[in-house]
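Have a look at the sequence and structure first, then work through the points below.

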Amino acid sequence: MTGLGPWHSERLIYRAVEPEDEPILLSMSSDPEAFSNSAPFLPQPRSKKSATQHRGWLEGALISAMMCLPPPTSASQDNTALNPIPVGLVHLHGSDARLAHHRHGDIGINVLRQYQGQGYGTEAIKWVLYWGFQYAGLHRIELGAFEYNPGAVKLYQRIGFVPEGKKRAWIWFNGRYWDLHIFSMLEHEWREKFGSE
Ligand SMILES: CC(C)(COP(=O)(O)OP(=O)(O)OC[C@H]1O[C@@H](n2cnc3c(N)ncnc32)[C@H](O)[C@@H]1OP(=O)(O)O)[C@@H](O)C(=O)NCCC(=O)NCCS
């Protein structure tokens, strides 16, 4: 990872979230399944204003980045074709100043539907773990997955997050309560698992 620099992983480039990305943020939150899988908010049609608010919230993260594929290599006179292609969003929120000494981080991720199942989520989570432990000096990185999102539960375990348990009947969704599964990775666990990569 080190040789590639902090803004790349094997296949992905990471860049800042810009105002021009708001339509992509809107399309993510307008996918009802992806929205309900990634946030506990009431499902509802999303407005352009909500995308602006989302971007504002992302500005408060330790890091938030658009996950992008490199532009196609074929020579093109069309400059827009030379821009990296966004495939998703990854962010790592820290704590406010009075809690920062605990050095906790919390990952969120959303891969656009057409790019899911191709390993990009795994790659971006590994990259943000690297950034969080190696650059931001975090001690513990956490994420949660709703019971009705078994793909995420499986993915986080496969990456090496430790299941800590669940908050029972935590979220009301689609007519019933579901558990919230909590996962974490500590810095020494990350170094043991990924330190040599
Ligand atoms: C959950 C989420 C982040 C996972 O990202 P993803 O890019 O789809 O995940 P990955 O591709 O890394 O891994 C998922 C599957 O792809 C497979 N995969 C991994 N690398 C692959 C590759 N190079 N080519 C093809 N498939 C691959 C994995 O084996 C896995 O399959 P399995 O679970 O059936 O065994 C994504 O589906 C998503 O954004 N969902 C909507 C929002 C959401 O749920 N966010 C998380 C909230 S907790």
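Axes here are lines fitted to C-alpha atoms, for helices over the stretch in contact, and angles run from 0 to 180 degrees between N-to-C directions. Keep in mind that this is a predicted model.

**Helix 1 with helix 3**

- Helix 1 (residues 22-29) packs on helix 3 (residues 48-59) at an angle of about 105°, and their axes are 9 Å apart.
- Angles of 65 to 115 degrees count as roughly perpendicular, so helix 1 and helix 3 are roughly perpendicular to each other.
- On the helix 1 side, the contact is made by Glu 22, Leu 25 and Leu 26. Helix 3 brings Lys 48, Ser 50, Ala 51, Thr 52, His 54, Arg 55 and Leu 58.
- Sorted by class, the contact of helix 1 with helix 3 has 4 nonpolar, 3 polar and 3 charged residues.

**Helix 4 with helix 5**

- Helix 4 (residues 120-135) and helix 5 (residues 150-159) pack with their axes 11 Å apart, at an angle of about 50°.
- That makes helix 4 and helix 5 oblique to each other, and helix 4 passes helix 5 in a right-handed crossing.
- Thr 122, Ile 125 and Leu 129 of helix 4 make the contact with Leu 155, Tyr 156, Arg 158 and Ile 159 of helix 5.
- The contact of helix 4 with helix 5 divides into 5 nonpolar residues, 1 polar and 1 charged.

**Helix 4 with helix 6**

- The axes of helix 4 and helix 6 (residues 187-194) come within 11 Å and cross at roughly 125°.
- Helix 4 and helix 6 are therefore oblique to each other, and their crossing is left-handed.
- Helix 4 uses Lys 126, Leu 129, Tyr 130, Phe 133 and Gln 134 here, and helix 6 answers with Glu 187, Trp 190, Arg 191 and Phe 194.
- In the contact of helix 4 with helix 6, you'll find 5 nonpolar, 1 polar and 3 charged residues.
- Leu 129 is in the contact with helix 5 and also in the one with helix 6.

**Around the ligand**

- Which residues come nearest to the ligand? Of the 20 around it, they are Val 111, Gly 117, Gly 119, Gly 121 and Thr 122.
- Thr 122 also belongs to the contact of helix 4 with helix 5.
- A polar backbone atom of Gly 121 is 2.7 Å from an oxygen atom of the ligand.
- The side chain of Arg 158 has an N or O atom 3.3 Å from a ligand oxygen atom, and Arg 158 is part of the contact between helix 4 and helix 5 as well.
- For Gln 116, an N or O atom in the side chain is 3.5 Å from a nitrogen atom of the ligand.

How values were computed: Residues are numbered from 1 along each chain as its sequence is written. This is a predicted model: local features need pLDDT of at least 70, side-chain atom pairs count only at pLDDT 80 or more; totals for chains, interfaces and linings use all residues. Side-chain values use heavy atoms; hydrogens and water are left out. Helices (H or I, at least four residues) and strands (E, at least two) are DSSP runs, numbered from the N terminus. Angles under 35 degrees count as roughly parallel, over 145 as roughly antiparallel, 65 to 115 as roughly perpendicular and the rest as oblique. A crossing is left-handed if the near helix is turned anticlockwise from the far one by less than a right angle, and right-handed if clockwise. Contact means heavy atoms within 4.5 Å. Ala, Val, Leu, Ile, Met, Phe, Trp, Tyr, Cys and Pro count as nonpolar, Asp, Glu, Lys and Arg as charged, and the others, Gly among them, as polar. A residue is near a molecule or strand if one of its heavy atoms lies within 4 Å of it. A polar contact is a pair of N or O atoms within 3.5 Å; within protein, one must be able to donate a hydrogen and the other to accept it, and residues adjacent in sequence count only if both atoms are side-chain atoms.
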